[in-house]
Structure formats: structure tokens, C-alpha cells
Amino acid sequence: MRAIARSIHQFRSAALRRQTCNYSTGFVRRRKLLTNSYSGLAHELPNNAKFDRFPHPAIFGSRALSVDAVQVANGDANKGGPLVEYERRIAAGELVDGDACQVGTLRELQRLYDELVQSADACRLDRYTASRKSGRSRWLWSRFIPQSSSVAPVKGLYLYGGVGTGKTMLMDLFFDQLQCSWRKKRIHFHDFMLNVHICLRKHQGVEDPLEVVAGEISDEAILLCLDEFMVTDVADALILNRLFRHLFNNGVILVATSNRAPDNLYERGLQRDLFLPFIASLKERCAVHEIGSAVDYRKLTSAEQGFYFVGKDLSGFLKEKFQELVGDYEAHPEEAEVVMGRTLKVPLGANGCAYFPFEELCDRPMGAADYFGLCKKYHTLALEGVPIFGLHNRTAAYRFVTLVDVMYENKGRLICTAEGTPFELFERIVTISDAQQVAPRTSSRSRKNDDSELCVDNELGFAKDRTISRLTEMNSKEYLEHHAAALEENNSHEDLNQDETVHA
């Protein structure tokens, strides 16, 4: 019986290795055009309002990658990896050309890919040959028999750089090429930490719940890809060092993207001295690579249409737009389940669309978990009255940044009215270095007013560039067509399921 089970086990593992994974990545040209997509959006607004359109700069590319891709392909006809796939997508017209900085990053990803393929057994990547012992069972067993550390023989990769430089797209491209039978996971950092806190609550009462949680994570994924690594919460900062010490000891290999260099993570945060050992561990277990590109590829989209309206007293106008999206459905107050049994009251909701005044969504104690819950139920969010951010509403600015991050990660559609363009919303938010470069006014009264309006916040100052970039892309023609196509496909699947249920 054992021999038969082993044969079946090997057959399943081999079959899975032959499978190919299909994951969607950003910046893909969508060929499917919808006949009724967003026609008539450029309505004439009141005198105090304007429909904001973002510039469409020319696209410049580099073919520096071709030689590298040919060398990889000629070296081994069966050899894959992100470098070859990147060149294939450019040749097929699915991606625009990258610059030299993206090419350098691809070389790093290809190097990591090759090392993982060569050391797959040593890294225990295959899910069907790895131990099936659960995280809690491992913790319980380790109380009786000391467990030796099993740090992976392959170092991970930490990618950081400016907004819109293609970090997420490149990491997704790398992830797509990995074998389906490997223990791997790609997740946004916000979502990852939310899951960690949920698991910690589940294991309350255990001597070291972080060790149990780390065991569960490493059982599921030895290769962990975290997008948008950004630490702003003191609760996250205090547990990251111990959590990742356990993860690295369990053999986890980390691939992460971030806007911040490792040494700048959680800069000037509370009790940062307790966070510094994590930075040392991160640099020890990951190769650090900067994407030095100055190009924001999100702004290269043709942002000629959108749902971002600038002006005051646009409540009635926004509700008209909301009703157009809802269609024949009647909008009414609803509730959305968020996390840990909590519910969130939605002022107006119908047909997968939700309507909120800004104050109700960003001026109340909410976080990523609440926004994730909303995105699970609603594909479109209407937000009324986004203000100019400054010192007086810094907390609301943080929540708005988190909301945009979650919506972008979940490919949601945002329709909003605001007091200014995305750039103008965050113009008063500056980093410490930016504040030091602000030229003083000649009048002491003007200088005092300037100081009262500025909000000096390093984390928010860095995060604002990402938010401006994402708001720009989310209002582009390509993004909205992608959203509409995904929505149409989802509706088709639902109709098909309903038909099958009726016939059954």
C-alpha cells in the first residue's frame, strides 16, 4: 500500500509540475473594447468645478534587454524565467519597453529564479515532498525535541524604488514563472499583516503564538512574495522581528517590493530601536536591489477619461454618476461584513457599488481590514468630498492612502469628488528633507502661515507619491476598460452558474 501511495503521490507531483500558471499582471494592453464603456463621462460641471484630465506623455523604451534574453534562451532551449517571459511579452505587444533600470532588476530576478530551480529540493519548495506537519503540531513537538534551524540556502530579494517604476509588475512576472507545485504565495503586505493578526487571535494562550503562526505560514509557502512592504503601524513593527526570525529559521525565502530602502523602513517610528534587528535580518537574508528609474509607468497610460472630479458642492453631481453606475437597481443603506465578525454600515449600496461621504470612510477609526471587507463586496466605491490634506487631517490622509492601496490591489473602481487634483491633495504633506528645502518667506506672518499648513511626516511624505501615481492610473482608459472587462466576465460566470442551477 505504501508503494502504491508513493506512486500516486509522485504522479500527482509530476502532473502539477507540467501545469502552467496564469496570473494577471499590470500594464497589459487590453484588446477587448466594450461598446458601452464609459461613454458620456465628460459632463459639463458647475462653474466652480472641473473634470480633471491627466497628461499623456510620450513613451520611450529601451531594447537593452534583447541580448540578455537571447543569451538565456540560447543557453538552454527549455530554460524559462522572468527575463525570457518579459521579452516575449514585449515582442507580443503585451507590455511597453522597459528602461535599463527594469532590465537590471530582471537580471536579479532571473538570478534568483535560476538559484531556486537548482536548489528546489534543498529549499523544500515542492508541496508534495515537504513535511505536512502543521504549524501548531510542529510547535508542540518542538517543546519535547529541540528543532534545528533550517535557513534556506538561497537568499531572497528586496526591491525598492520610486512609485510606478514597475516593481509589482516585475515581481508578478517572476511569480508567474514559478512551478505550480511549489509552496509559494504572493500577497499585499497590508493583507499579509491582517492575516497574521487574525491568526494571533486564534492562537491566544499559546506560549509563543508567533512561532505557531510562522509555522503555519511556512507550511503554506516557503517562497513568500510581499508587495508594497511599508511599516507604519507600531503593532506591526513590534512583531515583525520575531515573526520573520521564525520564518527565516523555517526556511522561508522572502521576495518583497517597497518604496523605501530597508534602512528607511519605519523611520522615526515609535520604539524603532525594537524594529532595527528586523532590518538587520532582512539585509542578511535578502539581496537588496534599487530600481533607480525615474519613469512613472502608471502615468504613461492614456488618462483621457475617468471618474475623478475636482470642485466643491458636487454632492448632487456625484450621486447622479453613482446612479448611472447602479443602473435600474435601487440604492439603499446596506451592511458589509469586514473582519472578525464586524460589520460596516454603507450609506448607499446597490449592484456592487457603494457610496460614502469622505468623513464616514476616512475620518473614523478604520483600517486596511475594513477596506478589504468593502472591496470583497463592492467593485466600485463612490467617495464624496476628498479634502486637501495637511497637519489638521493627517490621520485621514493616512486612511485615504490605505484605502487607495487596497482598492488598487483589488483592482477596484473609484469615483470621487475632491477639492484638488491628486497632486494638490498632498501638496502640504512633505518629508523632513523637503521641509528643510522650503524657502522661507520674507514676511514673518507668511512664514508662520506656511508652517501651520505644512505637515512634516516622512512616511506619509513617501506614501503620497504612490497614491498620486495610483489615482492617476485608476482614472486611465486602460484601467477602466480592464475593470469593465473583468466585471463583464464575472457577470457572465454568475449568469452561467444560475442557468446550471435552474436546469439542475
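These legends walk through close-up views of a predicted model.

The model is predicted, so local features need pLDDT of at least 70 and side-chain atom pairs count only at pLDDT 80 or more, while totals for chains, interfaces and linings use all residues. Residues are numbered from 1 along each chain as its sequence is written, and side-chain values use heavy atoms, with hydrogens and water left out.

**View 1. The whole protein.** Start with the overall picture: 19 helices and 14 strands. Helices (H or I, at least four residues) and strands (E, at least two) are DSSP runs, numbered from the N terminus. Of the 504 residues, 51% are buried. Here, buried means under 20% relative accessible area, exposed means over 50%, and partly exposed is in between (1.4 Å probe, protein chains only). Contact means heavy atoms within 4.5 Å. Take the contacts with a separation of 6 or more: 83% of them come from residues 24 or more positions apart.

View 2. Aspartate 176 and arginine 89 form a salt bridge, with their closest N and O atoms 3.3 Å apart. Aspartate 176 sits in helix α6 (residues 167-176) and arginine 89 in helix α3 (residues 82-91), so this pair ties together parts that are 87 residues apart in sequence. Both aspartate 176 and arginine 89 are buried. A salt bridge here is a side-chain nitrogen of Lys or Arg within 4 Å of a carboxyl oxygen of Asp or Glu. Across the whole structure, a search finds 21 salt bridges.

**View 3. Aspartate 208 meets arginine 242.** In this salt bridge, the closest N and O atoms are 3.3 Å apart. Aspartate 208 is in the loop between α7 (189-202) and α8 (209-220), while arginine 242 is in helix α9 (residues 234-249), so to speak a link between distant parts of the chain, 34 residues apart. Aspartate 208 is buried, at a relative accessible area of 15%, whereas arginine 242 is partly exposed at 35%.

**View 4. Aspartate 263 meets lysine 283.** These two side chains form a salt bridge at 3.0 Å, N to O. Aspartate 263 belongs to the loop between β5 (253-258) and α10 (276-285), and lysine 283 to helix α10, 20 residues apart. Aspartate 263 is partly exposed, with a relative accessible area of 46%. Lysine 283 counts as partly exposed too, at 40%.

**View 5. Where α3 crosses α4.** The axes of α3 and helix α4 (residues 100-118) come within 8 Å and cross at roughly 135°. Axes are lines fitted to C-alpha atoms, for helices over the stretch in contact, and angles run from 0 to 180 degrees between N-to-C directions. The two helices are therefore oblique to each other: angles under 35 degrees count as roughly parallel, over 145 as roughly antiparallel, 65 to 115 as roughly perpendicular, and the rest as oblique. On the α3 side, Pro82, Leu83, Val84 and Tyr86 make the contact, with α4 residues including Leu106, Leu109 and Tyr113.

**View 6. Helix α11 and its neighbours.** The buried residues of α11 are Phe317, Leu318, Lys321, Phe322, Leu325 and Val326. They pack against β7 (308-311), β9 (343-350), β10 (353-357), β11 (380-386) and β12 (413-418). Just past α11, glycine 327 takes a positive phi of about 80°.
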